[in-house]
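Please work through the following exercises with the sequence and the structure beside you, trying each task before you read its solution.

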Amino acid sequence: MSSPPLNGFTAAATVLKWLRAWHREAMPDAIDLDVVRQMLPGTPYGKGVREIKAPMALDIDNCEGMLVRNPDDAAEWGIFYNGKASPERRRFTVAHELGHFILHRNQQNRFNCDKESVYSGVDTMRVIERDADDFASNLLMPGDVLRGLLTGQRVDLHCLSALAKRFKVSFEALCIRFIKYTEQRAILVYWDNGFLKYEWRSKSAVLTRARIRRLSDPQEPLAGTLAADTSVEQEWDGVELPASIWCAEEAAYMKLREFKHSYGARDRVLTLLLLEGAEPRRWDRSWQEGESFDSYDQFVSSGQHPVR
């Protein structure tokens, strides 16, 4: 039997298997990335590498992280991260660079993950960055653990925030992971200074053609929604609304719950929409055209990116 293709998901699954064997007993929910870093050179994923140096901080505003091979020692690699970033952001960045180490180091000797060039829209760059993000997301928030923690839970922002703290990841990273993982019809929208920056849709949302209605470019929050109500900064319990307010193709009787989280610093807002279940629309084949179930590709092609 041939091995599964190496990508962010399969690589993270293999590393998690090694970690569980290493821990012997229960593996902590917050993955110890130092253990991963030190382990990798002695695994098939670290062939030809003697050491990955401990991550070091960089004091450069536009650099999120770097993976670099020592020009004087091909068997040594180093990881750098933005020293001004939050601890949760640093963890994701280090995991992201470890993803580059496993998946892409044979392609180049240096990876500069900054806020412009990484998401420039160049196809090959976008693919490898998505691979590294997928690795980091699946490693830091394992699907089986996430499933066990969410089973029987009423999903709201309190629940998702608690999970983010448990995994030691950012709230936004956990919400994106939830959207990519869940079987519910769900949409996550990121607003920056009153305009839409990206929209993530779960697979079931795509299959039922659930998407937010577009009335302007750039898109502003829709009238009658919590996102448009500047008097409401937070709504973590959710408010029930007709789904058609947000999604034009939803039937009049369909409902959704809208949640809102506002960040004070840069007028950033996250909107989470949980829609009632619906049958897939079998004539819609757009979901088969690629692996992406969201508008992320269009979003990053303009040189922007979310906080992971």
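Two strands are said to pair if DSSP finds at least two bridges between them, and strands (E, at least two residues) and helices (H or I, at least four) are DSSP runs numbered from the N terminus. The model is a predicted one, in which local features need pLDDT of at least 70, side-chain atom pairs count only at pLDDT 80 or more, and totals for chains, interfaces and linings use all residues. Residues are numbered from 1 along each chain as its sequence is written, and side-chain values use heavy atoms, with hydrogens and water left out.

**Exercise 1.** Find in which sense strand S6 and strand S10 pair, and over how many bridges.

*Solution.* Begin with S6 at residues 185-192 and S10 at residues 268-275, which pair in the antiparallel sense over 8 bridges. Then locate Asp192, which stands opposite Arg268 in S10.

**Exercise 2.** Determine the order of the strands in the open sheet and name its edge strands.

*Solution.* The open sheet has 5 strands in the order S7-S6-S10-S9-S8, with antiparallel pairing. Its edge strands are S7 (195-201) and S8 (234-242), each of which pairs on one side only.

**Exercise 3.** Describe how helix H6 and helix H7 are oriented to each other.

*Solution.* The axes, which are lines fitted to C-alpha atoms over the stretch in contact, with angles from 0 to 180 degrees between N-to-C directions, come within 9 Å and cross at roughly 110 degrees for H6 (residues 157-167) and H7 (residues 171-181). H6 and H7 are therefore roughly perpendicular (65 to 115 degrees) to each other. Contact means heavy atoms within 4.5 Å, and among the residues that make it are Leu160 of H6 and Phe178 of H7.

Conventions. Angles under 35 degrees count as roughly parallel, over 145 as roughly antiparallel, 65 to 115 as roughly perpendicular and the rest as oblique.
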